[in-house]
Amino acid sequence: MSELINLLRKNGNETPENIAKILNKSLDEVKSEIHELEQKGIIKAYQAIINEEMLDQSLVTTVIEVKVIPEYEGGFDRIAQRISKYSEVESLFLMSGRFDLLVFIKGKTMHEAAKFVSEKLATMSGVTSTATHFMMKTYKLNGIEMYSGEKDERLKISP
Amino acid sequence: MKDSKSLHNKVAKIIQEIPRSGIRDFFDIVSTREDVISLGIGEPDFITPWRIRDAAYRSLDYGKTSYTSNMGSISLRNEVSKYVNSKTNVLYNPEDEILITVGVSEGLDLAIRSFIEPGDEVLYHEPSYVSYNPIIKFAHGIPIAINTKKEDNFKITREQLDKLKTRKTKLLLLNYPNNPTGAILSKSEVEMIADFAISNNIIVIADEIYSDLTYDQDHFSIISVPGMRERTIYLHGLSKAWAMTGWRIGFATGPKLFIESMMKIHQYTMLCAPIMCQEAAKEALKNGNVDLQLMKEEYNQRRNFIKASLIEMDIPFVEPNGAFYIFIDISKFKLSAKEFSIKLLEHKNVAVVPGTAFGQAGEGFIRCSYATSLDEIKKAMMKLEEFIRIFK
């Protein structure tokens with residue numbers, strides 16, 4: 001199972017037929033394992049990794065450090081889940097260190113992001129402070145290098 | 001005209017007589033074409049892992065641009081000693097039993113020149129890496145090919161060894177995991193060869209460059225057999241498993257007397273391997289295992305993919321247990337290895353190497369390398385399938 005997960009981590013688009021060949025398993029076996037992973041919610045989705053900067057209308061990513069007061073009984077979960085409901089929020093993590101939550105949001109402009117922080121996030125009860133960073137350039141995303149100039153320059157035939 | 005003939009004759013006869021390598025002939029054909037999907041490359045598609053490249057940068061920052069000891073830097077020899085010990089349980093003294101060479105190719109040349117006197121015979125198995133036969137000839141030795149066979153899974157048999165040995169047999173050259181067949185030897189097969197070497201007082205040169213790349217069972221080295229450490233030169237290097245072909249770092253380990261003899265040639269012809277490459281190799285042996293394992297896993301997945309594809313196409317092959325080659329039996333298509341390879345290239349733009357580039361024993365086979373991305377392999381397998389339909 002872990003082999004299958006590692007393979008899908010690298011290429012979520014791989015066909016079950018190819019996966020079966022790569023992992024030396026039967027097609028049925030692979031299909032049922034994938035089905036099981038999806039059913040259990042271990043695989044949540046399959047997405048493409050986009051080089052945003054090559055798009056005409058690229059999205060701006062903003063990273064916000066958020067300090068919050070944990071709630072009685074709910075801890076960090078309740079407030080974190082409330083923040084995550086906003087469609088602007090792409091990722092959200094509970095962190096150790098000098099802040100509590102790390103929020104990644106995507107918007108069309110920096111202005112849009114700033115508006116979200118000042119109007120929605122900072123005003124939420126339980127949020128005590130925010131620090132906003134705009135992401136300027138992506139060099140590597142989910143293990144994929146965006147600007148690798150490395151080419152295959154080997155001889156076409158060698159002993 | 002007469003002049004050019006007389007100048008031609010100045011070239012040493014031994015060099016004149018060595019034919020052009022079959023692989024170069026084929027390379028010339030392939031290089032006239034564009035967008036070739038190549039399964040013909042004998043080196044990793046991976047770029048040297050970053051941590052190793054970074055170590056080389058740092059060595060330049062620190063101003064490491066000098067010669068090292070002829071034997072190689074002692075810190076690298078220490079790492080080699082630890083590495084070989086961890087793989088084979090055999091311990092070599094870094095002081096005088098380990099020599100850092102410029103790739104295994106140099107190590108092989110040094111080893112052969114250290115032992116061979118004109119007329120001495122060297123047993124080696126074919127199909128084999130292309131250098132063995134000429135290197136033996138350069139040293140005025142006589143190469144005696146053991147033609148390994150499909151029915152023996154391209155392994156040497158005792159019968160063949162006993163038949164080919166003479167009073168003049170001095171060396172046996174071993175290369176398992178094998179390029180081009182991907183064959184490996186089991187412990188008992190290695191012990192059989194060791195017994196042959198000991199009972200006939202033959203020195204073994206073990207080229208174990210692919211020993212880290214086995215997929216179904218661990219490699220067993222001949223130096224681990226009792227009685228073999230004292231009569232074996234063990235050759236290995238960083239090129240394949242650590243994806244460091246261009247750095248040209250190999251090493252030779254063996255008894256002090258043998259290493260000292262090889263060192264005599266090395267010190268006057270090569271002096272030492274480049275220091276920055278030695279620094280990179282040290283990092284590879286110290287911390288490169290993580291990367292090695294990742295690459296190996298990837299090779300294994302590609303290997304599985306090719307095997308499954310060939311089984312679907314009903315094309316037989318030699319079980320690819322090691323290295324990153326699969327030796328495919330194309331005899332049922334009634335074409336020679338070379339004809340098949342050229343037709344495949346002309347019709348489908350897929351390059352493979354005809355088995356005969358590795359000796360006549362490779363007739364009826366093609367070598368496919370899986371040191372190429374899975375995407376390329378997928379395309380190549382699709383094209384191969386289209387190609388073989390011509391024969392149905």
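This is a predicted model: local features need pLDDT of at least 70, side-chain atom pairs count only at pLDDT 80 or more; totals for chains, interfaces and linings use all residues.

Visitor: What makes E2(A) and E3(A) a pair?

Guide: Two strands pair if DSSP finds at least two bridges between them. E2(A) and strand E3 (residues 101-107) of chain A have five bridges, in the antiparallel sense, so they count as paired. Within these strands, A:Val89 stands opposite A:Ile105 in E3(A).

Visitor: What is the order of the strands in the open sheet?

Guide: The four strands run in the order E2-E3-E1-E4 in chain A, with antiparallel pairing.

Visitor: Why are E2 and E4 of chain A called edge strands?

Guide: Strand E2 (89-94) and strand E4 (127-134) of chain A each pair on one side only. Neighbouring strands of this sheet are turned by 20° against each other on average, direction ignored.

Visitor: Which helix lies across E1, E3 and E4 of chain A?

Guide: That is helix H5 (residues 110-121) of chain A, running at about 20° to E1(A).

Visitor: How many residues of chain B are in contact with chain A?

Guide: Contact needs C-beta atoms within 7 Å, and 23 residues of chain B are in contact with 13 residues of chain A. H12(B) gives the most to that side of chain B, with five residues. By class, this side has 13 nonpolar, seven polar and three charged residues.

Notes:
Residues are numbered from 1 along each chain as its sequence is written. Chains are lettered from A and ligands numbered from 1 in the order in which they are written. Helices (H or I, at least four residues) and strands (E, at least two) are DSSP runs, numbered from the N terminus. Axes are lines fitted to C-alpha atoms, for helices over the stretch in contact, and angles run from 0 to 180 degrees between N-to-C directions. Two residues are in contact if their C-beta atoms, placed from the backbone, lie within 7 Å. Ala, Val, Leu, Ile, Met, Phe, Trp, Tyr, Cys and Pro count as nonpolar, Asp, Glu, Lys and Arg as charged, and the others, Gly among them, as polar.
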